[in-house]
Amino acid sequence: RRHVLEASQQLTEIINSCLEGETSAESPEQSREEEPAEEESGLHSLWVDKFTPRCYIELLSDDYTNRCLLKWLKLWDTVVFGKEKAVKKAKPGAEARPPFSQPKEQQSKWKTKAQLTEEILEAELDQYKRPKYKVALLCGPPGLGKTTLAHVIARHAGYNAVEMNASDDRSPEVFRTRIEAATQMRSVLGANEKPNCLIIDEIDGAPAASINVLLNIIHRRDGEGEAAAGVGRRRRREGGLLLRPIICICNDQ
């Protein structure tokens, strides 16, 4: 234990000296202006924040999970970005020479897990050109990198990641308002503003009423609430179709 403490103290001194060397190499005026921020970010920032992955290739999580989530998120390109789904070209002669003489059910047993999942995700889009599964659920123990994965994948696919904590918003009305604000409204501050991808963290801590609100938004049909006679403007305004992806994160599935 004494050796470990000595080694950690020595490592801390080396890191501090390197950071001091970097700040002293800057111009005096710049160092005076940025001295508090540099000290705060360099000396007091957590390593998990300093070295967090910034792009897709820096992810250390399971590659199969990363590819599946990215594949699912790209299925929204048709409705969000207006991109048509790319059609795979069949190889010449593939149909003329079948690989096996077994029936189709027996051939599917030899497919890998990634191929089967890809076939499920590549199912036909619904009538609104949305994927079959409207919500992705990432589950696992704390510290596995679920939130980091969701943010990196959302940015990689061209979205603006909007995070909310389901356990903080205990009221179903507040929960509904925040979901609809993230999935329907769009910021007008920038000319090239990216569409939102909603990330709901700690979804297992949300009450049952909030979960029902989320399910109603997911299964909502186009024009729902407008056909009934005597409905007000607010009811019609809340009947919008879900046109943005939602990623939910939980510890206990």
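1. In helix 9, the buried residues are F175, R176, I179, E180, A182 and T183. They span an arc of only 165° around the axis, which places them on the same side of helix 9. The model is a predicted one, and the points below should be read with that in mind.

2. Helix 9 covers residues 172-184, 13 residues in total. From first to last C-alpha, helix 9 reaches 18 Å, close to the 18 Å expected at 1.5 Å a residue. An α-helix has 3.6 residues a turn, so residues three or four places apart point the same way.

3. What do the buried residues of helix 9 pack against? Their partners are strand 2 (160-165), strand 3 (196-201), helix 10 (208-218) and strand 4 (246-250). As a whole, helix 9 lies across strand 2, strand 3 and strand 4, and runs at about 150° to strand 3.

4. The sheet is open and has four strands in the order 1-4-3-2, with parallel pairing. Strand 1 (135-139) and strand 2 are at the edges with a single partner strand each, so one side of each is left without a neighbour in the sheet. On average, neighbouring strands of this sheet are turned by 20° against each other, direction ignored.

5. Helix 8 also packs on the sheet, where it touches strand 1, strand 2, strand 3 and strand 4. The direction of helix 8 makes about 165° with that of strand 4.

6. The strand pairings can be listed by their bridges. Strand 1 and strand 4 run parallel and are joined by five bridges; in this pairing L137 has C248 of strand 4 as its bridge partner. Strand 3 and strand 4, also parallel, are joined by three bridges, and I200 stands opposite C248. Strand 2 and strand 3 run parallel with six bridges between them, and M164 stands opposite I200 of strand 3.

7. Is strand 4 mostly covered or mostly open? Strand 4 is mostly covered, with five of its five residues buried. On one side I246, C248 and C250 are buried, and on the other I247 and I249, so that both faces of strand 4 are covered.

8. The aromatic pairs number three. In one of them, the rings of W47 and F51 have centres 6.1 Å apart and planes at 80°; planes over 60 degrees apart count as edge-to-face, so this pair is edge-to-face. Both W47 and F51 are exposed.

9. Another pair is formed by F81 and Y159, with ring centres 5.3 Å apart and planes at 65°, so this pair is edge-to-face. The pair links distant parts of the chain, 78 residues apart. F81 sits in the loop between helix 5 and helix 6 (104-107), and Y159 in the loop between helix 8 (146-156) and strand 2. F81 is partly exposed, with a relative accessible area of 32%, whereas Y159 is buried, at 1%.

10. Y159 is also in contact with D77, a residue of helix 5 (residues 77-80). D77 is buried, with a relative accessible area of 8%. Leaving out residues up to four places away in sequence, D77 touches G82, K83 and Y159.

Key:
Residues are numbered from 1 along each chain as its sequence is written. This is a predicted model: local features need pLDDT of at least 70, side-chain atom pairs count only at pLDDT 80 or more; totals for chains, interfaces and linings use all residues. Side-chain values use heavy atoms; hydrogens and water are left out. Helices (H or I, at least four residues) and strands (E, at least two) are DSSP runs, numbered from the N terminus. The expected span of a helix is 1.5 Å times one less than its number of residues. Buried means under 20% relative accessible area, exposed over 50%, partly exposed in between (1.4 Å probe, protein chains only). The arc is that of the directions from the helix axis to the C-beta atoms. Contact means heavy atoms within 4.5 Å. Rings of Phe, Tyr and Trp (its six-membered ring) pair if their centres lie within 6.5 Å; planes under 30 degrees apart count as stacked, over 60 as edge-to-face and the rest as tilted. Two strands pair if DSSP finds at least two bridges between them. Axes are lines fitted to C-alpha atoms, for helices over the stretch in contact, and angles run from 0 to 180 degrees between N-to-C directions.
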